[in-house]
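Student: I'd like to go through this model with you and ask where each label comes from. Can we put it up first?

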Amino acid sequence: MPRKKSDKILLEQTAVDLLAKAEISAPSEHASTVTMPPSAHSQLLLEGIEVENLWCYEKARIDWSHGITVIAGANGSGKSSLLESVFFALYGSEAGAAMGRSLDGILRLGSDAGSVSLSFLHDGKRYTAQMALRKRGDQVISEREESVLKSDRGERWVGVRDVVAQIELLFGMSRDDFVNCLYVRQGEIDRLIRAGDEERKQMIDRLLRLEKLDVYSRRVKEGAQRAVNRELDGLQRAQKELKKNIEAYEALQLEAKRLELTKQIEALQSEIQMRETKLSEIEQLRAHFEEQLRRLEQVTKEISQAQQEISTKEQKLKQFAQREEQLSKELKMLEQRYRDLEKHLSEGLRDLELDSQRIIESLWPADAFEQIASLPEEFSNAKARVEEARAQLETKRAEAIEAEEQLREERDKISQKVTEKRTQLKQLELQQQRHQELIELGKCPTCQQEVSHQTLGATLDHLEKHKAQLSDEIAGAETELKKIDTNRSTLRTKNQTEQAVINTTIKALEQRKEKLEILKEKTLLLLRTKEEGKQKREQRKTLNENRDELRNDISRLMTQVDEKKTQLTDRDELQAKLTKVQEHLKALRDEKTKLAVQHEKLVHERGTVSNQLQQLEKWRSDQGRLATQSQTIETIQSELEKMRDLYQMVKKELRLRYMDKLNAAFNGFFNLMGAEDSYAGVRITDEYEIQVQLKNGGIISPALLSGGERALINIALRCAIHQVLSQEIRRMPLILDEPTIYLDRERIARLQRLLEDLGRRVGQVIIVSHETGLVEGADHEYRTEKGNDNISTVRKMR
């Protein structure tokens, strides 16, 4: 039983390893009293997380660091969602039940897809865990290919099931253990207190790896002992059966029987060899006849193929005759069409007074419109003359516009001059009226001094002369305006007459151009008809050549058929010879088959006897081995009870050691939170019952304490379990979501000192809180904010 011995050695070695665990020092207010892990690689360290379209985040990233990191922000701004993203990145869709959320509650509202990526260091290797969600119809699903865990060593796990299995293997804890030890979610910090004694016992034993000893003990009690008893009973029954079988086989004289069967087999083999030699000779003769018949069969197939080919070619001859008749009809139709088109073209040419005979004659050798006499030139000239007339019309219009513009500008200048003169005239009239008023008063119009009537009269005469001069100038300008208006009218009439003449010319030219275009289309149609007739004649010529070639092929094939038919005269005689040879072959094969059946029967009998001899030797060997195994099983049976007792002893010893260290850490953290002012201490009993020790020596349950006091016990217990695991297995981060619930300001300050001390012990503490004290005492701070669009953002403050 070597496998059972190996199991025993492995279990005993495991127990020895557990007893050799290093001592764990109790926590205190001084970090120097704690023994750090022996290796820098024995740790789990979160590095960074990226969230896209999950929870209330469109995009978010946090780079985790050593020490205490606090995520602060207003209620509802998405602080806890960032911690849940860590949990979701590790456990994917299996995290939903633990978080109390469905997948559609994780995907951001309005998004069709979202993802999270978490990077972490584990025992010197860097890993990246990626989980993704996407909508499919009305459901939110997690695709297997989008749930990935990969390492910097090229390792890769795909699918939620494989990723979670590897995460649990790396961390050495299940999803629930992760929540109980590393990630304390909001409102669940007192889960260990609320749990029953048995549930709490299972949680803590599992976290401290003590359940492995129960597994080994159950294997000894339930499996190994039954297996040993079952094995021993089986061995005894097998020994009795072996003895009975050996005696029965020895009475059969198997060796003498095998020698007799060997002689008979050798004689039959000689007979079979003779039949095989004769069969080979006749097989060659049969193959010769069959080959000759195959050749004749091939000739028959060739005759049939040739006859089919003759039939096909004769059918093609009929088709060629029909096609030739069709082509002849089409040629007659094309000739008639050509004559009709030629007639219409001649009439159109005469209408335009062109040389119709010369143009019609030039059609026969021409292949393109440009090769026809006169008509291309006439068509180009008509287009050029139309364009020339249109250009002349545009020139006339431009000249008329320019002359009209010059007269308009001249008239505008004179009109402006008349306006200015009239303004001056009005001003003179006002001055004249003012002077007249001053004359009546006897004062100077400039300085208002008294002057003589003679002086004022001279001024009035001067103004009157200036006024008469302005009136004459205005009358002259108005005469010029009338003259300009007359010239403009005359110019417009002249331009309209000239443009009408040009338009008439253009219309006549365009009509000629349109007729030429019609003639061009008819000419092109004539050329196409001529070309089509040429093609039809070529087709008829090719058709006649192909028909002659077909007739030659048919004649050649008919000659070949006649020649091949002469080769089929010997087929019946060959078939009769082949039939006789096949009958002889069948008789020889039947004889050989009968001999082979006898030979196979004898070989089978000899094989049976040989197997019986081998089985006899095996039974004799098994008889000695079973005797040895029976002795070994009896020895192991007596040792199993000792081994089971060893496991229980080791578990009890380890539990006592772990509970001493856990209680020391529990009390250390409890006192660090300031609870020693009201209570003597706390402890977890050997049966995992949580007790609070009063100053007077009494003991009460934490369920009887206030919410704040229960919170102190919960925080201290969580931190104690985390410290024991970090020192015993590996350094791991501690993640707390709103741990200050139910705590007053003084205890929050003490919690801050506890977390600072714990940060130095475990290396990384991550907290979600809006408490100012925790935020200010942190090494790193992130702030979350939610905008008016209900989308949150996170910023690193320090």
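Student: How many helices and strands does the protein have?

Tutor: The secondary structure comes to 17 helices and 16 strands. Helices are DSSP runs of H or I with at least four residues, strands are runs of E with at least two, and both are numbered from the N terminus. Bear in mind that this is a predicted model, where local features need pLDDT of at least 70, side-chain atom pairs count only at pLDDT 80 or more, and totals for chains, interfaces and linings use all residues. Residues are numbered from 1 along each chain as its sequence is written, and side-chain values use heavy atoms, with hydrogens and water left out.

Student: What share of the residues is buried?

Tutor: Of the 798 residues in the protein, 42% are buried. Buried means under 20% relative accessible area, exposed means over 50%, and partly exposed is in between, with a 1.4 Å probe and protein chains only. As for the accessible surface, the protein has about 45300 Å², of which 48% belongs to carbon and sulfur atoms. Those areas come from the Shrake-Rupley method with a 1.4 Å probe, and for residues only the protein chains shown count as cover.

Student: Why is α2 called largely enclosed?

Tutor: Because 13 of the 13 residues of α2 are buried, the helix is largely enclosed by the rest of the structure. Just after α2, Gly 92 takes a positive phi of about 55°.

Student: What makes Phe 87 and Tyr 91 an aromatic pair, and of which kind?

Tutor: Rings of Phe, Tyr and Trp (its six-membered ring) pair if their centres lie within 6.5 Å; planes under 30 degrees apart are stacked, over 60 edge-to-face, and the rest tilted. Phe 87 and Tyr 91 are 5.2 Å centre to centre with 55° between the planes, which makes the pair tilted. Both lie in helix α2, four residues apart, about one turn of the helix. An α-helix has 3.6 residues a turn, so residues three or four places apart point the same way. Phe 87 has a relative accessible area of 0%, so it is buried, and Tyr 91 is buried at 0% too.

Student: And why is the pair of Phe 120 and Tyr 127 called stacked?

Tutor: The ring centres of Phe 120 and Tyr 127 are 5.5 Å apart and their planes are at 10°, so the pair is stacked. Phe 120 is buried at 0%, and Tyr 127 is buried at 3%. A search of the whole structure finds seven aromatic pairs. One aromatic cluster is formed by Phe 87, Tyr 91, Phe 120, Tyr 127, Phe 171 and Phe 178.

Student: How many cavities are there, and how do you know what counts as one?

Tutor: The count is one cavity of 30 Å³ or more. On a 1 Å grid over the protein atoms alone, a cavity is a set of points where a 1.4 Å probe fits but cannot get out, and lining residues have an atom within 4 Å of a point. Grid points are joined across faces, edges and corners, and the volume is the space filled by probe spheres set on the points. The largest cavity holds about 30 Å³ of space.

Student: Which residues line the largest cavity?

Tutor: Its lining is Leu 44, Leu 46, Val 86, Leu 90, Phe 171, Phe 178, Leu 182, Pro 733 and Ile 735. β1 (44–54) and α2 (79–91) each supply at least two of the lining residues.

Student: What classes do the lining residues fall into?

Tutor: Nine are nonpolar, with no polar and no charged residues. Here Ala, Val, Leu, Ile, Met, Phe, Trp, Tyr, Cys and Pro count as nonpolar, Asp, Glu, Lys and Arg as charged, and the others, Gly among them, as polar.

Student: What is the phi of Trp 55?

Tutor: Trp 55 has a phi near 55°, a positive value in a residue other than glycine. Most residues other than glycine have a negative phi. Trp 55 sits in the loop between β1 and β2 (57–63), and its relative accessible area of 8% makes it buried. Glu 738 also has a positive phi, near 55°. Glu 738 is in the loop between β13 (734–737) and α16 (745–762).

Student: Which residues does Leu 550 contact, beyond its neighbours within four places in sequence?

Tutor: With those neighbours left aside, Leu 550 is in contact (heavy atoms within 4.5 Å) with Lys 313, Lys 316, Leu 317 and Phe 320. Leu 550 lies in helix α13 (residues 453–565).

Methods. 1 Å grid on protein atoms, 1.4 Å probe; cavity = no way out; pocket = protein on both sides within 12 Å on 5 of 7 lines; lining within 4 Å.
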